[in-house]
Amino acid sequence: MRPTRRGPAALLVSLGLLAAACSGGGPAGPADAPATTAAPATTAGGSAPPSTAGAASAVAFRAARVRLVQVASLQQPVAMTVRPGDDATYVAEQTGRVRAIRRGRADPDPVLDVSDQIVAGGEQGLLGLAFSPDGRFLYVDFTDRNGDTHVTEFAMRGRRADPGSERLLLQVDQPFANHNGGQLAFGPDRRLYVALGDGGGAGDPNGNGQSLGTLLGKILRIDPRPAGGRPYRIPAGNPFAGRAGARPEIWDYGLRNPWRFSFDSATGDLWIGDVGQNLWEEVNHEPAGSGGRNYGWDRREGTHRFEGDRPAGEVDPVIEYGHDRGACTVIGGAVYHGRGVPGLRGAYLYGDYCAGWVAAARLAGGKVAEQRDLGVNVPQLSSFGTGPDGELYALSLTGPLYRLAAA
């Protein structure tokens, strides 16, 4: 039986967006998020490309200092992207609007407003956005008034998305109100990648993470602009296309709630921040083009046994940390290739929603060689994004959009 859904008049509970993702319980209140903590000190082994390992020297990495520069203030920002050929930064607000930031100011008129189509609160609402590689189309991921996931396309007309051009690519029934994923991104192959959580509830009660017969608990790969009027096409090379009983859209599986993933702009590698259950958070690293991976949920939480035996071929995370010192929910970031903080070039930056710290990890020899707390704190850290200037930005669910700058 599907649980009762909240109606459109439901109270907006912003504090629960991500904190609730790390357990089967309800939204966290303000007391659940300490003001500041240190970043994790331990990591799990994993693979990393040599170019990432050598991109930031150990000395420069340790010496790098950062500060937060507030760029804008928005309403519950949860995702950020850029549009090819455009100097604006585009931000999704959980409440249903896409906003453009130009020269440090938010445009007063939204690029898109889908607030009348969604339920926003907890882990629901407008959750992700991406532009096509040519900038002609905007794709958004949101939960509708029944709580189900929509991936929808809009044609851009100048600086605005045309509401009349709305085209539904994908609709996925969500059995519970949490673990909706939401990340959208075009990969180096110009295909659209879509993150979906395991459908919610505690401990993946429907076994979706390990099932290839459902889209839940997966990262998908589709071609959103097919010929012949179809919603999307299955790209050549999808690892499970043609396998009996498997959904051909699937790129990776065994994920609990891959809230944020990113592609390394230099190597094409995929980095996935997968939100844990009650004890462990993880970041997975995937060399470019090597889909078909099983990241273990719900047999494993990070590198630890959760339910049942370790699945054959399961890939361990490259970074793992526990729920100590106030941590609760990993926020996947990006590999830094900006100019503002040279010592961090080639390092992977990520953070935690409850603790608010931002950390950088340097990889060498296929493992995390070193990581450090960058000494800044973002209350209710919801996402990261790379701007048109190549610099890294951090979003706070309380409103601010920050740029990470050299201290």
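I begin with a rule: two strands pair if DSSP finds at least two bridges between them. Strands (E, at least two residues) and helices (H or I, at least four) are DSSP runs, numbered from the N terminus.

**Entry 1: the model**

I note that this is a predicted model, in which local features need pLDDT of at least 70 and side-chain atom pairs count only at pLDDT 80 or more, while totals for chains, interfaces and linings use all residues. Residues are numbered from 1 along each chain as its sequence is written, and side-chain values use heavy atoms, with hydrogens and water left out.

**Entry 2: the whole chain**

I looked up the secondary structure and found three helices and 28 strands in the protein chain. The chain has 407 residues, and 60% of them count as buried. Buried means under 20% relative accessible area, exposed means over 50%, and partly exposed lies in between (1.4 Å probe, protein chains only).

I then checked contacts, meaning heavy atoms within 4.5 Å. Among contacts with a separation of 6 or more, 58% link residues 24 or more positions apart.

**Entry 3: strand S9 and its partners**

Which strands does S9 join by bridges? I found S8, S10 and S11. Seven bridges join strand S8 (residues 137-143) to S9, and the two run antiparallel. In this pair, Leu 138 stands opposite Phe 154. Five bridges join S9 to strand S11 (residues 167-172), again antiparallel. Met 156 stands opposite Ala 161 in S10.

I looked at the turns next. S8 and S9 form a hairpin with five residues between them, and Gly 147 in the turn has a positive phi of about 90 degrees. S9 and S10 form a hairpin with two residues between them; here Gly 158 has a positive phi of about 70 degrees.

Is S9 mostly covered or uncovered? Strand S9 (residues 149-157) is mostly covered, with eight of its nine residues buried.

**Entry 4: the cores**

I searched for nonpolar cores. Each is a set of buried Ala, Val, Leu, Ile, Met, Phe, Trp, Tyr and Cys residues joined through side-chain atoms within 4.5 Å. The largest has 65 residues, and those with the most contacts inside it include Val 98, Leu 138, Val 140 and Tyr 350. Strand S24 (residues 357-364) gives the largest share of this core, six residues. A second, separate core has 23 residues, among them Val 194, Leu 196, Leu 215 and Ile 222.

I followed Val 140 further. Leaving aside its neighbours within four places in sequence, Val 140 is in contact with residues including Val 98, Leu 112, His 150, Phe 154 and Leu 184.

**Entry 5: a four-stranded sheet**

I traced an open sheet in the order S22-S23-S24-S25, with antiparallel pairing. Its edge strands are S22 (330-335) and S25, each pairing on one side only. Neighbouring strands of this sheet are turned by 25 degrees against each other on average, direction ignored. The axes are lines fitted to C-alpha atoms, for helices over the stretch in contact, and angles run from 0 to 180 degrees between N-to-C directions.

Four bridges join S22 to strand S23 (residues 348-352). Ile 331 stands opposite Gly 351 in S23.

I picked Gln 371, which lies in strand S25 (residues 367-377). Gln 371 counts as buried because its relative accessibility is 14%. Its side chain makes a polar contact with the side chain of Tyr 350 at 2.4 Å. Such a contact is a pair of N or O atoms within 3.5 Å; within protein, one must be able to donate a hydrogen and the other to accept it, and residues adjacent in sequence count only if both atoms are side-chain atoms.

**Entry 6: loops**

I checked Arg 103, in the loop between strand S4 (97-102) and strand S5 (105-106). Its phi is near 50 degrees, a positive value in a residue other than glycine. Arg 103 is exposed, with a relative accessible area of 70%.

Where does Asp 298 lie? Asp 298 is in the loop between strand S18 (280-286) and strand S19 (300-301). The peptide bond from Trp 297 to Asp 298 is cis, with omega near 10 degrees.
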